[in-house]
Amino acid sequence: MEKVTNQHFDATSLEWPSLRNMTLRSARVSRFVPITMLWVLVAVATLPAQQSNPTEYQVKAAYLYNFGKFVQWPVQANATDDVFTICVLGQDPFGATIETIAGESINRRKVVVERIAKLHETPSCRILFISSSEEKRLKEILATLDQTSILTVSDMPHFTGRGGMIQFVMAANKVRFEVNLRNAERNGLTLSSQLLKVALTVTTGS
């Protein structure tokens, strides 16, 4: 097993979605979500002084959307889908924030957000965020999802080392992510080199 650390971080290599529109919709969903530009992890600040910085879970929601643009699923996984479903399993830490990505599009498919409680509800999911509330049964969850071609994402500690594919981490007060490429490829997923360049670390090998 090899872990590669990316010392240079350039978020501009990713094409972030229309985040102004997303956050305007977020404000309509909940008045407690600030209206921001939400240029995620871009070094140059463009927000007016009176506006808030994006919250941790606004950034994570935007990442979930972008993962869908930089991951290739097996052909059979795309055959019958007319929507792109992003799921949250367990206690939802996003709240109204994740609704900002609903209605966007990935590969000409409309993004749908679903909150699920049971594993039998996962077959329609392309991306599955596994909440920290599910940590005690993580081994069972990942075993059940093995070979399902679902991209697994979480912010629980040691997620990628326990069989997950992408783990959110905090580095220098910024939301970053680590990738276990071996786990993703074993499930038939191909991750773009652009995405891997932005990852904090990439684990490869057997």
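Modeller: Let's start with rings: those of Phe, Tyr and Trp (its six-membered ring) pair if their centres lie within 6.5 Å, and planes under 30 degrees apart count as stacked, over 60 as edge-to-face and the rest as tilted. The model here is predicted, with local features needing pLDDT of at least 70 and side-chain atom pairs pLDDT 80 or more, while totals for chains, interfaces and linings use all residues. Residues are numbered from 1 along each chain as its sequence is written, and side-chain values use heavy atoms, with hydrogens and water left out.

Colleague: Thanks! How many aromatic pairs does a search of the whole structure find?

Modeller: The search finds nine. In one of them, Phe67 and Phe168 have ring centres 6.0 Å apart and planes at 20°, so this pair is stacked. Phe67 belongs to helix α2 (residues 56-69) and Phe168 to strand β8 (residues 166-171), so the pair ties together parts 101 residues apart in sequence. Helices (H or I, at least four residues) and strands (E, at least two) are DSSP runs, numbered from the N terminus.

Colleague: Is Phe168 buried or exposed?

Modeller: Buried means under 20% relative accessible area, exposed over 50%, and partly exposed in between (1.4 Å probe, protein chains only). Phe168 has 3% relative accessibility, so it counts as buried. Phe168 also pairs with Phe129: the centres are 6.4 Å apart and the planes at 35°, so that pair is tilted. Phe129 sits in strand β6 and Phe168 in strand β8, 39 residues apart, so this is another link between distant parts of the chain. Phe67 is buried at 0% relative accessible area, and Phe129 is buried at 0% too.

Colleague: Which residues do ring pairs link into a cluster?

Modeller: The cluster holds Tyr57, Tyr63, Phe67, Phe94, Phe129, Phe168 and Phe177.

Colleague: And where does Lys60 lie?

Modeller: A charge sits over a ring if NZ of Lys or CZ of Arg is within 6 Å of the ring centre and within 35 degrees of the ring normal. Lys60 lies over the face of Tyr57, 4.5 Å from the ring centre. Arg126 is placed over the face of Trp73, at 5.5 Å from the ring centre.

Colleague: Now the strands, please. Which strands does β3 pair with, in the parallel sense?

Modeller: Two strands pair if DSSP finds at least two bridges between them. β3 (83-89) runs parallel to β5 (residues 109-116), with seven bridges, and Phe84 stands opposite Val111 of β5. Four bridges join β3 to the parallel strand β6 (residues 127-130), where Ile130 is the bridge partner of Leu89. As for cover, six of the seven residues of β3 are buried.

Colleague: What is Gly90 in contact with, beyond its neighbours within four places in sequence?

Modeller: Contact means heavy atoms within 4.5 Å. By that rule, Gly90 touches Ile116, Ser131, Ser133 and Glu134. Gly90 is found in the loop between β3 and β4 (105-106), and its 25% relative accessibility makes it partly exposed. The C-alpha atoms of Gly90 and Ile130 are 6.7 Å apart, though the two residues are 40 apart along the chain.

Colleague: Finally, how many helices and strands does the protein chain have?

Modeller: There are six helices and 11 strands. Of the 206 residues in the chain, 48% are buried. Among contacts with a separation of 6 or more, 58% come from residues 24 or more positions apart.
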